[in-house]
Each structure stands twice: as structure tokens, then as C-alpha cells.
Amino acid sequence: MKDVLDEFQLKAKLMDQLPYEVVWVGPDAKFIYANEKFCNTIGYNSRECGTLSVLDINTTLTPEGWKAHWKEVMEKGSLNFTTVHKTKKGRFYDVEVYVQKFSYNGKNYLCAIAKEITEPNFHKKIIDNTYEIGNIGGWELTLLDGSIMATPCAMEILKVKDLEGLTPPKVIHKFKDSGRYRSLLGGVIRNGTAFDEILETNDSPPRYVRAAAKPILKGNKIYRVFGIYQDITEIKQKDSDLNFHKAVMENARDFIAVFNKEGDVIHCNKSLMKHLGYSQDDMLNQKKIFELDPGASREWWDAHFQEIIDKGSLNFERLLSRADDTQFPIDVTANHLRFNGQDYNCAVGRDITAKKMRDLELHEALQEIKALKERLEIENEYLQEEIGNKINFKSIISSSETYKSVLIQVEQVAPTDTTVLITGESGTGKELLARAIHSNSKRGNRPLIKVNCATLAKELIESELFGHRKGAFTGATAHKEGKFTLADGGTIFLDEIGELPLELQPKLLRVIQEGEFDELGGTKTIKVDVRIIAATNRDLKEMIREGSFREDLFYRLNVFPIHNIPLRARKPDIPILAQYFLEKYSVKAGKAFKRLAPQTLEKLMAYNFPGNIRELENLIERAVIIENGTTLNPGNWLPEQENLSLSNEFKSLEANQREYIIGVLEHTQWRVGGPSGAAKILNVNDKTLFAKMKRLGIEKQISAK
Ligand SMILES: Nc1ncnc2c1ncn2[C@@H]1O[C@H](COP(=O)(O)OP(=O)(O)OP(=O)(O)O)[C@@H](O)[C@H]1O
């Protein structure tokens, strides 16, 4: 070495002046000469350099590598490459090397000129600042000697005091899942598998560190691993806050959807997607408001969107359409949202099907209550009437043996639910019997609803009996309960059943048979529990023959027939009945009558009473008004003499009725209604009398007042 130095001393001095690191190297890789720049950079003095070889400063170089390198330079004469040198203090730095072969005294040498290619200062500053702001620490592990270099930030992030703390065996314990980090580091060191993961530290409270590493290769050999640590606790916190808010939105039971001005679904939560039956892919940026809300037109949407911008938010109800085309009502609050310079409609909605159902049920319940109230009011009217009528029942006056059989029948059938058909002439007391049956049945505390089939206008009978819904026909301005509904649980008394129009008879038959009927204009079948008592003064069998009464209905009604005996067939009852009426009307008229004169009774007994008990009652009432005293003597209130004799030439009942009614009408100067009208005298209501007059062909040229 000394010889060589002597020979090259001058040249060597010149080399010292160069701004490059210059070394001369022999075939054994040992330095023969190193200039000052090299010595200064590498940190060894020139004496120490004399003891070093290339392998000492190039830590990745092996003896075999050196041999191959020497051979290549010898062959090629020169080479250009970059490598890494290590200083005496252990700092690694990148160098660009130019190697030139030269020979002296038959021996070959290398002259290497190296230049540090570490980043210039300002670049380094930028990098340092970036790392600091990003809270990123860098580290580099040299695999050959296991040495590690790191930025101060890396040590800060992992809270280690020295570089040793960042070496793989130590650093793994900084993380909660040290096993996982060990395997990640092992992967990059052994197999060059880069990683980029977020790991939780062992600190309390834990922090989150992003750990990433990648191998640095020389050829296909891993000689270093470069990595970073980044404290992302804050980012993670923000992220988890964001995720929390997202989860709140996603898991809200209410529907949340965000639409842009064009009506595209920009965002929608799970609840809405599930309810509509769409997947996320179906919905986001695929669906428009117009598909979800079939009632929304372009014009509506534009106006609505603008209104939301103007007002901030709006509340309203809409119908949404599901994927399967079914619809459901929602209550929506649409809010204006301005984000990144764009306007959005953020709609929060709720399915109100159940609420609507409840409203409907409530409405129906209210309707039902209303109907029940109406019914109660009507029932109350009937019950009031009943109270009066019950007095009449108590007053069934009879002492005749003949009538006893009728009363026995009443007593027998009353407690049952059997349908009863009471026949008999007009005025014989059929209604009185019907009331007696009802009062003595278990339905006695429920109403007895009376329907006079003769007095109802033909076209109204059906709605009277079965009720109608509002609008069922012209004039049906409100819902009306039918008599059958009113009689539910009680008894219906169908007086003058023979007058029921033929076309309504099947409907009555159905109620009797099945206990159900359809309301006019209604959609539901109404079921009722009603006992039926019918009465007629017509010969229904004859009517069947004529074809004006259905035979099947007759047999349904005629389950328990009671024939009411005419008064002329129970004459022994005349005195007792006459006495009863005398007392009744005396009290009413404020008269003092106590008894009937024997002559009066005689005349009454001689009379045929075509109008039966009603006629007797009316006679006495009239007598009480006309006469005075305590004994009722015969007077001109008694029927015409010719009618008093028992004649064989009996007139028909109808002819008698006609004559009698005309007589009364003449007496009242053809006044039908009012306190002194014929109806009052005949003890029938005005309508009944009008119906009778119509039926009997009595001209209606008179005023009804
Ligand atoms: N046994 C009786 N005791 C007391 N009053 C009676 C008796 N029978 C009938 N009446 C009275 O006679 C009048 C007529 O009776 P009711 O109306 O019951 O006869 P009706 O056969 O139903 O008549 P119509 O066929 O004309 O409807 C009533 O005022 C009733 O109170």
C-alpha cells in the first residue's frame, strides 16, 4: 500500500481537492486510498480507512458479490450504479458510484468516485413537515444487521424512548393484538408482503395507529423494510362519530330518503328499502320519486321542491308504492338540505297504515255509536209506548168461557220464541194479545216493535222493515235502522200481514228462516234475533188461492195460530167490557158514571158489534162524553135500532166497517185527524184510518184536519 501511495502521492493530493468521495480499491476489496471527502463523510480517518474494505461500508455486499462486481468491472472497464454506504456512526446514505478499472505495475485496481444522493435539504424539510402534520412517523429496517432507523415522530407515536423500541420483537407489544402485528411484520420481512392496517394500541384509552410497511428490494432480494406509523385516533373518532350517525339513520324505524332536484333517490335508509321491497342497488341513483310516489307528477315535484326551499320544511301525507305495486299511506316531513352548494329534499316519513285503520275503526265505531244512539232513542219511544200499552194488557177484560181458550193459548205460547199468527176480525183485540204474548215472554224487557203493513206506502215497506243506507234510493238522505234491527232481541209485531206486498214476502221469509236480511243499499248482511208475531183480519188461505200471499210464508207464520173470537161470539164479556170502558172514559172525561143501566146493557147485548171490542169501546167513550149522571142510560149514542136486532142477513165485515167509518166521519163532519177527528173516536191513528178508508173505497175528498 505504501509503495502505491508513494507513486500516487501527488495524484492523491489532487484527489483530496475533489468534492466527490474517491477511493482506490484492490482486488481484495480493501481500500488503498481514500480522499478527504470520503473520510469526512464516512467518519473514519485516513488511517482507519486503510484498514477497511468495501464490505465494511456497503453492508449489503457479500464476498461473493464483491467477486462478481470485480469481475464485471474488469470486463467492462467501468460501471455506474447506486448503492448505500454506512458511516462509522451507523448512518446509511445513498450514493451514486462511478467505478473505473485501472492497472499499475501489472496489477488491476478500481477507482470509485461516489456522490451522496440524499435529498436536498428543502425536500427533506417538506417531507419532515408532511410527516409531522400527517402525524406520520417513518422507519426503515435493514435486514442484514437488524438495525432500524426512524423519524422522531415514529418514536413519539409508539411512545418509545429509543430506536430499539421500534425493532420488531419490541414494537409488536405496543399493540393490543401483538400476534397479528408479529405476523404482518414477519410477512413483509420474509416474503415481502406489504401491509397497511389499522391497529389498536395498548394505551389507555386506546389509540389507533395505522401501520404500513413495504419491502425494499435489491434485485429480488429483500434487504430493507420501509414502514410508517400514523396516529389516526382522531380520524378514527371522527369516523366512528360519523358511523354512529349513519347507524342512527340506517337503523331508524322512520323512513329517511334524500332526493335531488331531479327527483333521484340520493340516499335512503334500510327501513324504507325494506318497506318498499327494494335492494340498495335498486334504489340508489336508480329510482325516482315518481316511481315511489305514483301520485307525484313532474309539475308537482318542481313546485313541491321549491316550496320546501322557500319554507324550510313541510308536513303532509302521501301514498307510496311498493315493489309489488301495493300502496301504503305515509306521514312525511320534507326538509330542505343545502349541501356542497346543492339543494336536496330530505324526507322523513312514517307508515300510517295502522293509524289510518284506527281512524277508520274509530269512524266506524262512531257511526255505530250514532246508530245505536238513534236506535236507543227509537227504542225509548217504543218503550214509552209500551208502558202505556202494558196498562192495556193488564186490562184484558174477559169472563167468558169461550175467550178463556184464547187466553190459555196466549199463556202457552208467550214464554217460547215461537212465531205466532193471530187471526180475527178487526177490533177483536189482536194487538192486545200480541202485546200480552210479548210482555209475558223473556223478551218482555226488550221493545215490541209494531209495523202496520197496511199503513205503510208500498215503496217504503222494505226500507221500513229492513232499513237503508244513506243514498240507497232517492230521498234516502240519512242512514235509517229498519224495524227488524230495532226489534233485535225483542219482538216484531207485523199487523195486517195480509197487506204485505207479494214482492216483499220472500225477504220476510228469509228473516224468519235465517234470521238475516240485507239492508237497502248496504253491503253487509244483518243478523238479528227477533220473535215474530203477525196478525191479520184477512183470510190468508183464500189469499194463497188467489195468489196474493205466499204459501211458504203462511206456513212459516202459522206456526202457532191463535184465532181471536169476535165479540158477538163471546157476548158474556159485553157487560164486563162495557163496565170497564165506562170507568176508564169517565175518569178520562171527568164524569161520574159508575154503572150501566140494565136497559143499556140489554141493548148492548142485543147488538152484533161488527166492529167488535173497538166498536164497543168507542160507543161507551162517546156515551160518556154525551151523557151525564152516574148511570149510563140508553141514548141516541146507541147504534141504529135495526142493527140492534139479531138479523140473519149479516152484512160482510168490510161492509159493516165501511158503514161504521162513514157514520163516524159524518159525525165529525169528515174530519179524520185531530182531537175531535174520526180516528180519535175510532181509536186508530190517522194513517190507519186513511189506509182503511182507501181499502174500503171511502172517498178521500175530505180534509184530514
Ligand atoms: N179483552 C179486552 N179488554 C179490554 N180492551 C180490549 C180487549 N180486547 C180489545 N180491547 C181494546 O179494543 C181496541 C181494539 O183492540 P185491538 O187494536 O187489539 O184489535 P185488533 O184486532 O188488533 O184490531 P185491528 O185488526 O183493527 O188492528 C183496543 O183499544 C183494545 O185496547
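Which residue stands opposite Ala534 in S23? The tour reaches that pair below.

The model is predicted: local features need pLDDT of at least 70, side-chain atom pairs count only at pLDDT 80 or more, and totals for chains, interfaces and linings use all residues. Numbering starts from 1 along each chain as its sequence is written.

**Whole protein**

Start with everything shown as a cartoon. The protein has 29 helices and 26 strands; these are DSSP runs, helices being H or I with at least four residues and strands E with at least two, numbered from the N terminus. Of its 705 residues, 30% count as buried (20 or more other C-beta atoms within 10 Å of the residue's own; 12 or fewer is exposed, in between is partly exposed, and C-beta atoms are placed from the backbone).

**Strand S23**

Select 531-536, which is strand S23. Six of its six residues are buried, so S23 is largely enclosed by the rest of the structure. Arg531, Ile533 and Ala535 point one way, while Ile532, Ala534 and Thr536 point the other. In a regular strand the side chains alternate between the two faces of the sheet.

Leu421 is the residue opposite Ala534 in S23.

From H25, step back to Phe609, in the loop between helix H24 (598-606) and H25. Phi of Phe609 is near 50 degrees, a positive value in a residue other than glycine. Phe609 is buried, with 24 other C-beta atoms within 10 Å.

**The five-stranded sheet**

Move to the open sheet with strand order S7-S6-S10-S9-S8 and antiparallel pairing. Its edge strands are S7 (148-150) and S8 (195-200), each pairing on one side only. Neighbouring strands are turned by 20 degrees against each other on average, direction ignored.

Select S8 with strand S9 (208-218): the two pair in the antiparallel sense over six bridges, and Glu200 stands opposite Tyr208 in S9. In the loop between these strands is Pro205, joined to Ser204 by a cis peptide bond with omega of about -5 degrees.

Now show 178-191. This is helix H9, which lies across S8, S9 and strand S10 (221-231) and runs at about 165 degrees to S8. Contact here means C-beta atoms, placed from the backbone, within 7 Å; axes are lines fitted to C-alpha atoms, for helices over the stretch in contact, and angles run from 0 to 180 degrees between N-to-C directions.

**Two last stops**

Select Lys159, in the loop between helix H7 (152-157) and helix H8 (168-171). Its phi is also positive, near 50 degrees. With 12 C-beta neighbours inside 10 Å, Lys159 counts as exposed.

Finish at 255-260 and 265-268, strands S11 and S12, which pair in the antiparallel sense over three bridges. They form a hairpin with four residues between them, and Gly263 in the turn has a positive phi of about 95 degrees. Phe259 stands opposite Val265 in S12.

Terms used
Pairing = 2+ DSSP bridges. Contact = placed C-beta atoms within 7 Å.
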